[in-house]
Amino acid sequence: MAENTKERILQAVFSFYRIPLFREISLSEIAEKVGITKAAIFKHFKNKEALNDALREKVYADISVVLCEMQEKYNNLQGDEALPLVIEFISEHQEYMNYILSTLEEVSEDSFVLQLKKYGITLLNNIYNDDGTIKDLGKYFQSVFISTTMFVFVVIRQNINEITCLGEDERSLKEFSHNLTRLICSGINGKDARISVLRLTEIDSICVKSLEGLKEIDRVLLAIAKVVSKSGFSKITIDKVAKELGMAKSSLYTWFANKNEMVKTLIQGEINQLYTIMAENMQKMQTSGERLYVMLQTVLAYLTNRPELLDVAKWLQMSDVELIDNSEKQNEIMDFFAKQEILTNLPDLGFGEMGNNLVKFSIGWFFALPVMLLIHGRTHNFSAQILQAAMKDMYFMVQFGVNNANKT
């Protein structure tokens with residue numbers, strides 16, 4: 001009976017994370033969900049940290065089972081059936097992913113790997129050394145591409161299912177997992193995908209030069225970034241931001257109604273500025289492939305130039321708050337992707353009528369790749385040159401997939 005109550009407590013916590021959640025859940029909320037008193041929780045967990053340890057333990061234990069099955073597929077030369085196992089798992093357990101990503105101080109693969117090694121998982125031994133350092137940089141960036149692509153499209157699918165009130169269907173999930181695997185392995189095969197080395201270097205220079213003369217980041221946004229860096233987004237408050245600024249919180253309340261509005265308003269200016277620079281850079285390109293490449297490298301260069309913004313990147317990537325206005329520059333970029341038919345060969349991911357928004361979804365993917373690359377880069381102190389080269393590799397992964405990117 002006690003073990004049953006303990007499991008009910010764990011499941012109650014996970015139930016809060018069926019959507020991204022960037023606030024701390026109180027013990028009172030958990031107790032109410034389970035139907036017990038707050039004091040009863042302490043019969044099973046010494047304190048809240050012990051509860052969080054148990055939650056993480058369950059996540060990693062369940063993931064390790066799937067990764068063992070995945071390794072077995074590879075060992076039996078059934079590689080095409082391996083990746084769908086993970087895609088189906090995170091699709092069916094979105095609350096696990098949301099919990100981990102909402103509670104980790106840094107969103108990167110590395111923290112997962114160090115935990116999974118405790119369970120004897122050897123699947124990633126060709127990428128990481130025993131101490132968690134990187135063994136093969138090329139394979140490391142490939143794994144970042146795979147995990148980012150999986151997560152982005154699983155989240156998109158989840159959001160669409162909620163909007164359209166479609167329940168989970170085993171057949172549609174299997175089709176989705178296999179088609180997403182095809183996208184990861186074979187790419188979008190976009191028009192004019194191949195770009196010469198000389199031209200890639202020229203485009204890189206255009207991206208860097210386009211950032212000259214940028215205005216400074218708003219000081220309130222800088223304060224938010226510092227608080228997020230110190231405490232995580234779930235613990236950010238108007239009080240903490242005001243303290244970081246050395247001003248009264250009442251002053252901030254005259255500008256913003258709450259925390260989300262504050263972040264949304266301030267980050268919107270940065271996003272609009274980025275879209276403007278991106279659109280101007282795309283106008284200088286000659287082919288659809290070049291325009292896709294310059295988009296990726298512009299986002300990378302912009303965030304490299306303003307690393308403070310990465311401290312709110314986790315919230316931006318997971319939040320369901322609509323951040324981007326229908327600005328002229330955004331529409332210009334979306335029109336380009338629609339008219340150039342760059343996504344014509346994208347596998348059918350089963351988005352139904354919502355598939356009409358495929359351009360918007362894909363732009364979200366293209367944004368996520370440089371963001372996650374930079375977050376991983378910060379973990380390992382990668383130089384700007386290494387990140388730029390990795391973004392180049394990811395462009396070819398987008399176009400040709402991880403199976404063919406090195407053949408281009």
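Trp365 is buried (under 20% relative accessible area, with exposed over 50% and partly exposed in between, for a 1.4 Å probe and protein chains only), having a relative accessible area of 0%. The model is predicted, so local features need pLDDT of at least 70 and side-chain atom pairs count only at pLDDT 80 or more, while totals for chains, interfaces and linings use all residues. Residues are numbered from 1 along each chain as its sequence is written, and side-chain values use heavy atoms, with hydrogens and water left out.

**View 1. Edge-to-face pair of Phe153 and Trp365**. The whole structure holds 15 aromatic pairs (rings of Phe, Tyr and Trp, the last by its six-membered ring, with centres within 6.5 Å; planes under 30 degrees apart are stacked, over 60 edge-to-face, the rest tilted). In this one the ring centres of Phe153 and Trp365 are 5.3 Å apart and the planes stand at 65°, which makes the pair edge-to-face. Phe153 belongs to helix H8 (residues 137-164) and Trp365 to helix H18 (residues 358-380), 212 residues apart, so the pair links distant parts of the chain. Helices (H or I, at least four residues) are DSSP runs numbered from the N terminus. Phe153 is also buried, at 0% relative accessibility.

**View 2. Stacked pair of Phe396 and Phe400**. With centres 6.3 Å apart and planes at 15°, the rings of Phe396 and Phe400 count as stacked. Both lie in helix H19 (residues 384-400), four residues apart, or about one helical turn. Phe396 and Phe400 are buried.

**View 3. Ring cluster and charges over rings**. Phe14, Tyr17, Phe89, Tyr96 and Tyr99 form a cluster linked by ring pairs. Lys33 lies over the face of Phe16, 4.8 Å from the ring centre. Arg157 has its charged end over the ring of Phe176, at 4.9 Å from the centre. A charge sits over a ring if NZ of Lys or CZ of Arg is within 6 Å of the ring centre and within 35 degrees of the ring normal.

**View 4. Phe145 in the largest nonpolar core**. A nonpolar core is a set of buried Ala, Val, Leu, Ile, Met, Phe, Trp, Tyr and Cys residues joined through side-chain atoms within 4.5 Å. The largest has 136 residues, of which Ile30, Phe145, Ile224, Val241, Phe337 and Trp365 touch the most other members. Leaving aside residues up to four places away in sequence, Phe145 touches Ile184, Trp365, Leu369, Met394, Met397, Val398 and Val402 (contact: heavy atoms within 4.5 Å).

Notes: Helix = DSSP H or I, 4+ residues; strand = E, 2+ residues; numbered from the N terminus.
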